[in-house]
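Student: I would like to understand how the words used for a protein structure rest on numbers. Could you take me through one example, giving the cut-off behind each term?

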Amino acid sequence: MNNGNLVEVRDLKTWFPVRKGVFQRIRSWVRAVDGVSFSIPKGKTLALVGESGCGKTTVGKTLLRLVDPQSGSIRFDGVELGSLNRAQLRPMRKRMQIVFQDPANSLDPRMLVRDVVAEGIRGFGLSRSGVSVEEQVIRVLERVELDRDVLLRYPHEFSGGQRQRICIARALAVEPDFIVCDEATSALDVSVQASILNLLKSLQNDMGLTYLFITHDLSVVEYLSDRVAVMYLGQIVEENDTETLFNRPNHPYTEALLRSAPSLDPDNRDLVSLDGDVPSPMNPPAGCRFHPRCPRRFDRCDREEVPTYTLPTGTTRCFLHDPKKVHGNPPHERLPEEGEKGSES
């Protein structure tokens, strides 16, 4: 690709119907992903972060066409995936893999590790002349720092970290270019998380892999990602390079996430919680979707849809970055009502 992007997503919408009544008619829609755009350069990592229920996992599954989008464009290495039928999509699936959150549930407990890893090799016809499938499996397992002794064992015989290494080996076995890591470390202990992150980084350096790393753990994001997209209620509210986003967040929601994350440096940030719950994606608020929880909202935020503003190194959906600087009155700065006295100067 001329622009160097392996993945390009434009105005992606993935809605799920809500059916009710005897005839199961569509009464409303869950707007899980509602107008998402981003790009991932080849060999880089984009982290997609946000609270539970914001649509992160649906984005990952839609990219791989495990879920069909309502509308929008997904281009992989210049190919529009939405225009492909099942037969045309099959060779593309070899190049795109996913590592799920819970390795225990994503591995068939009745299959030996040898067969788990070999399944993709056989399915895509990737066996090589002069090299047995088992030898190919052993080489893949060595890449994830597991030896041949694991071949004839079942998934339940391993620790969580080892099972996740098997899941990564299964993804690597088909020689992909792009891997969606869907909360791939969140079910693991902290010490095990570090070893898996180091493995993913090493594999990326050695094999030129491209990652979409879906997570809610900001410490993971800071270590692994090149760029970060912050998602809220089906939309990306800020996207920037990792260093800029952590040091100079441009959206109040990003700032709230950063301040609520634990820090080892007591002088780094005051720990505050993000007030309120995420509204229902079936009935998102009018205007800015974050405005019911935002301490810096203005009158305009309640009624106007926020466009995406371009910044020097990224983008944001916040009227505070409107170049026209048309905000309105913050709701907490009200005038005294009749009968009240104003503050004395």
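Tutor: What follows is a conversation about the terms used for this structure and the values behind them.

Tutor: This is a predicted model, in which local features need pLDDT of at least 70 and side-chain atom pairs count only at pLDDT 80 or more, while totals for chains, interfaces and linings use all residues. Residues are numbered from 1 along each chain as its sequence is written, and side-chain values use heavy atoms, with hydrogens and water left out.

Student: Which strand pairs with β4 over two bridges?

Tutor: That strand is β5, which pairs with β4 (residues 71–76) in the antiparallel sense; here Arg75 of β4 has Glu80 in β5 as its bridge partner. β1 and β4 pair over five bridges, again antiparallel. Glu8 stands opposite Ser39 in β2 and opposite Arg75 in β4.

Student: Why are β2 and β5 said to stand at the edges of the sheet?

Tutor: The four strands form an open sheet in the order β2-β1-β4-β5. β2 (25–41) and β5 (79–80) each have a single partner strand, so one side of each is left without a neighbour in the sheet. Helix α1 (residues 56–63) packs on this sheet, touching β1 (5–20), β2 and β4, and its direction makes about 115 degrees with that of β1; the angle is taken on a scale from 0 to 180 degrees between N-to-C directions of lines fitted to C-alpha atoms, for helices over the stretch in contact.

Student: Why is Gln97 called buried?

Tutor: Buried means under 20% relative accessible area, exposed means over 50%, and partly exposed lies in between, with a 1.4 Å probe and protein chains only. Gln97 has a relative accessible area of 17%, so it is buried. Gln97 is found in strand β6, and both faces of that strand are covered, with Met96 and Ile98 buried on one side and Gln97 and Val99 buried on the other.

Student: What makes α1 mostly covered?

Tutor: Six of its eight residues are buried, namely Lys56, Thr58, Val59, Gly60, Thr62 and Leu63. In the chain of 345 residues, buried ones make up 46%.

Student: Which residues is Ile179 in contact with, beyond its neighbours in sequence?

Tutor: Contact means heavy atoms within 4.5 Å. Leaving aside neighbours within four places in sequence, Ile179 is in contact with Gln97, Val99, Ala171, Leu172, Leu209, Thr210, Tyr211 and Leu212.

Student: What makes a group of residues a nonpolar core, and which members of the largest one touch the most others?

Tutor: A nonpolar core is a set of buried Ala, Val, Leu, Ile, Met, Phe, Trp, Tyr and Cys residues joined through side-chain atoms within 4.5 Å. The largest has 40 residues, of which Val117, Val137, Leu141, Ile168, Leu172 and Ile179 touch the most other members. Its largest share, six residues, comes from α6. A second, separate core of 29 residues includes Leu12, Val59, Phe178 and Leu212.

Student: Where is the largest cavity, and what makes a space a cavity?

Tutor: On a 1 Å grid over the protein atoms alone, a cavity is a set of points where a 1.4 Å probe fits but cannot get out, whereas a pocket is an open set with protein on both sides within 12 Å along at least five of seven lines, and lining residues have an atom within 4 Å of a point. The largest cavity is lined by 14 residues, of which Pro252, Cys288, Cys294, Cys301 and Cys318 lie nearest its centre.

How values were computed. Pairing = 2+ DSSP bridges.
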